[in-house]
Amino acid sequence: MAVVASLALAGLSACRSGPAVAAYVGDTRITEDRVEQIWADARAVVAASPPVVDPVTGAQKKATLPITRADVVEVLVGRELLNRVAAEQNVTVPSGIPYDKVATIVGMSEKAEYVHLFGQNLTLQYEVEGAMTGVPELSDEQLTTVLQRFTANGTVPADTTVAVLRTKMPAQLTQAVQLGIALRDQMSNAAVPLDISVSPRYQPLEISTFDYQNDQTSPYFPLVSVPVGDDTAVPVADFS
């Protein structure tokens, strides 16, 4: 039986809204000033970056900002949820994060604070997943959602079936998706009592728990994620 819960009831969200707040996570307020601070820092870092080479034409061009303000809100809200899940698993962010490699994933210099926040979230996610045991096999329902994401991003042909996807997915990818879904469920559970609400300007907001890269058509895109901060009911966990 799937347990479904809304992460923010309409009436409650209305009571927890304000122009100076980007998101509420329990008693924590993520302010617009904090979002602007990270956003402005990223813009300044990119503006000071050297020209980049266009992969298509080979010509040099000015570096562009690869993130949006919603990405900043996602990383801040995501950290609040990850911290709670990590505390249950008794894990913390380790030292020695390779921010230069994180910068390559983000597409921005490691000098940016956003790169550090993103890298810390990603590393903490790996630590939490490494502590998991008894991760269940992927159900057809879960694979259907994965297939929809793959199809929407042009990763697989539109006529691909769940049965075909199950046989074609490499074991390493299957395991990564299993962990991403398990983490999604834990973060969703952690979100329920927090009454998360997100400013309408950043909705819909999703916290990615597993990104996939389509080398041919696009950079990384969220394959598994936790919707937060709106009135949409989302799956919290699967209890059979």
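**Briefing: burial, cores and contacts in a predicted model**

Ser-225 is buried, with a relative accessible area of 8%; buried means under 20% relative accessible area, exposed over 50%, and partly exposed in between (1.4 Å probe, protein chains only). This is a predicted model, where local features need pLDDT of at least 70 and side-chain atom pairs count only at pLDDT 80 or more, while totals for chains, interfaces and linings use all residues. Residues are numbered from 1 along each chain as its sequence is written, and side-chain values use heavy atoms, with hydrogens and water left out.

**The chain overall**

- The protein chain has eight helices and nine strands; helices (H or I, at least four residues) and strands (E, at least two) are DSSP runs, numbered from the N terminus.
- Of the 240 residues in the protein chain, 43% are buried.
- Look at contacts (heavy atoms within 4.5 Å) with a separation of 6 or more, and 69% of them come from residues 24 or more positions apart.

- Ser-225 sits in strand β8, and its side chain makes polar contacts with the side chains of Arg-149 at 3.4 Å and Glu-206 at 3.1 Å.
- A polar contact here is a pair of N or O atoms within 3.5 Å; within protein, one must be able to donate a hydrogen and the other to accept it, and residues adjacent in sequence count only if both atoms are side-chain atoms.
- Leaving aside neighbours within four places in sequence, Ser-225 touches Arg-149, Arg-184, Glu-206, Ile-207, Ser-208 and Thr-209.
- Thr-209 belongs to strand β7 and is buried, at 1% relative accessible area.
- Beyond four places in sequence, the contacts of Thr-209 include Gln-125, Glu-129, Gly-180, Leu-183 and Ser-225.

**Helix α2**

- Helix α2 (residues 32-47) has 16 residues and spans 22 Å from its first C-alpha to its last, close to the 22 Å expected at 1.5 Å a residue; that expected span is 1.5 Å times one less than the number of residues.
- Its buried residues are Glu-32, Val-35, Ile-38, Trp-39, Ala-42, Val-45 and Val-46.
- Seen down the axis of α2, these fall within an arc of 160°, so they line one face of the helix; the arc is that of the directions from the helix axis to the C-beta atoms.
- Asp-33 and Ala-47, on the other side of α2, are exposed.
- What do the buried residues of α2 pack against? They pack against β2 (21-25), β3 (28-31), α3 (69-89) and α5 (113-130).

**Nonpolar cores**

- A nonpolar core is a set of buried Ala, Val, Leu, Ile, Met, Phe, Trp, Tyr and Cys residues joined through side-chain atoms within 4.5 Å.
- In the largest one, with 51 residues, Val-77, Met-108 and Tyr-114 touch the most other members.
- Helix α3 gives the most to this core, with nine residues.
- A second, separate core has 16 residues, including Leu-143, Leu-147, Val-156 and Phe-210.
- Among the contacts of Tyr-114, leaving aside neighbours within four places in sequence, are Ile-38, Ile-67, Val-72 and Met-108.

**His-116**

- His-116 is in helix α5 and counts as partly exposed, at 28% relative accessibility.
- Not counting residues up to four places away in sequence, His-116 touches Tyr-99 and Glu-110.
- A polar atom of the His-116 side chain lies 2.9 Å from the backbone oxygen of Glu-110.
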